[in-house]
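Welcome! Here is a short briefing on a ligand and the strands beside it. Please have a look at the structure first.

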Amino acid sequence: MTENTYYIEKLKQLIEEKSIEAGRRLTACTVTFGCQMNARDSEKLTGILRESGFELTESENADFVIFNTCTVRDNADQRTFGHLGRISHLKKKNPLMKVAVCGCMMQEKGNVEKIKKSYPFVDLVFGTHNLYRFAEYLWEVYSTDQKVREIWDKTDSIVEDLPIERKYPFKSGINIMFGCDNFCSYCIVPYVRGRERSREPGEIIRETEALARDGVSEVMLLGQNVNSYGKGLEDPISFAELLDEVCKVDGIRRVRFMTPHPKDLSYDLIRAVRDNPKAARHIHLPLQSGSDRILKRMNRHYTKERFIELAQKIREEIPDVSITTDIIVGFPGETPEDVDDTIDVIERVGFDNAYTFIYSKRRGTPAAAMEDQVPADVVKAGFDRVLAAVQKSARERAQLLQGRVMEALVEEVNAQKEGYVTGRLSTNMVVHVPGDASMIGSYVPVLLEECRGFYYFGKIV
Ligand code: 5AD
Ligand code: SF4
């Protein structure tokens, strides 16, 4: 019996007793902010809650609510505080209610202090490194009625085999590595997620096989910097090799990955995607800035021309590939000329889509100490120009698919348009087609009829 199953067994009895006392099954809700990593972590939290006997709900008006937080930009922090403010009212009305906060934001001292002071009703606080101890903390909270707050500065271990409650039956994320060693000067991730650690390839394949047996056909390999996967393992293996191995698993039809770093995206990886029909025709390649001067200050280790070359190589080698990116506007010292460079890259690469962010100052990062922070109105003007360029590029790229037939994985019923379902192409493009819930999880050939900017309306042929 692992430590986790030990605590889950104990919890089960306790939650059962409390449910009987309450005259109803205790409910639990997991609220997730941030990236795919956090989404996967939340599936682990929710798995433990389900195994412990809670009834899962989407409503924050539950007996147990856990917020899995993000701190990559300030607005993520503010959203968590907003939710906590609202939940205090619900907690006053429900004496059984317990509230937990975990995730990246809790790895920052100031935030934990703020929770203690401004949201003293929070029952449980833990961080990213001790997430695997959740069952134990939950047991402590429920068996003692005391508050539990435990944050670790770091961890070396990777804990396998936590119970997992998947959000989608047909697709799943798979962690291949944790942490990041890149220290881009604006980014807080290396501080809150710790040093890079790769999972053993055997464990990753075992998990992929188990998912495939359970009906999953699309997986996304998750890491902050997937290209450096395998470093430090006893038998080093490259990410391209891992991708090949994952693609070999029977029952898996699509393999995605997130996120590669342009500085070490190898031609081997480009070839691995090209030669592997199961590898999705989509590469998310964060640019951040198109200005060499800014890239240097960001500590990104590539130049504008190197990035463009890489993108061109990807397009040459992989027909129909989509390339998406992340862009930051307003990094300290950025001038309108630097923004021109970013726009030049957008135009020359022709991104299929891009997430554009306004630079957010993160405490403790080197960029936060830079003196030439950009005034808000200058940032706004640059942001609007970048956004317009991204939208133009995305439209032009989407239009190229007009009239083509491509395979879509049907993911959900379309909530806005009755009688329609929403699917995703291998390129990550969204397409809406007539259909019903029975089609969810199936792959269908779709004629892309009507382009609406970033997505299509089509029909199954
Ligand atoms: N401000 C704005 N955007 C940021 N990102 C990371 N840190 C910051 C920050 N301090 C963006 C980067 C990254 C994405 C996940 O978030 O573009 O690729
Ligand atoms: Fe942050 Fe850079 Fe690591 Fe990405 S690669 S998580 S942007 S430090």
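A polar contact here is a pair of N or O atoms within 3.5 Å; within protein, one must be able to donate a hydrogen and the other to accept it, and residues adjacent in sequence count only if both atoms are side-chain atoms. This is a predicted model, in which local features need pLDDT of at least 70, side-chain atom pairs count only at pLDDT 80 or more, and totals for chains, interfaces and linings use all residues. Residues are numbered from 1 along each chain as its sequence is written, and side-chain values use heavy atoms, with hydrogens and water left out.

**Polar contacts of ligand 1**
- Asp-326 has a side-chain N or O atom 2.7 Å from an oxygen atom of ligand 1.
- For Arg-73, a side-chain N or O atom lies 2.8 Å from an oxygen of the ligand.
- Tyr-186 takes part through a polar backbone atom, 3.0 Å from a nitrogen atom of ligand 1.

**The shell around it**
- Residues around ligand 1 (a heavy atom within 4 Å) include Val-72, Gln-288, Ile-328, Phe-357 and Arg-362.
- By class, this shell holds six nonpolar, two polar and three charged residues.

**The strands**
- Strands E13 (residues 322–329) and E14 (residues 353–358) run parallel and are joined by six bridges; strands are DSSP runs of at least two residues (E), helices of at least four (H or I), numbered from the N terminus.

Note on methods:
Chains are lettered from A and ligands numbered from 1 in the order in which they are written. Two strands pair if DSSP finds at least two bridges between them. Ala, Val, Leu, Ile, Met, Phe, Trp, Tyr, Cys and Pro count as nonpolar, Asp, Glu, Lys and Arg as charged, and the others, Gly among them, as polar.
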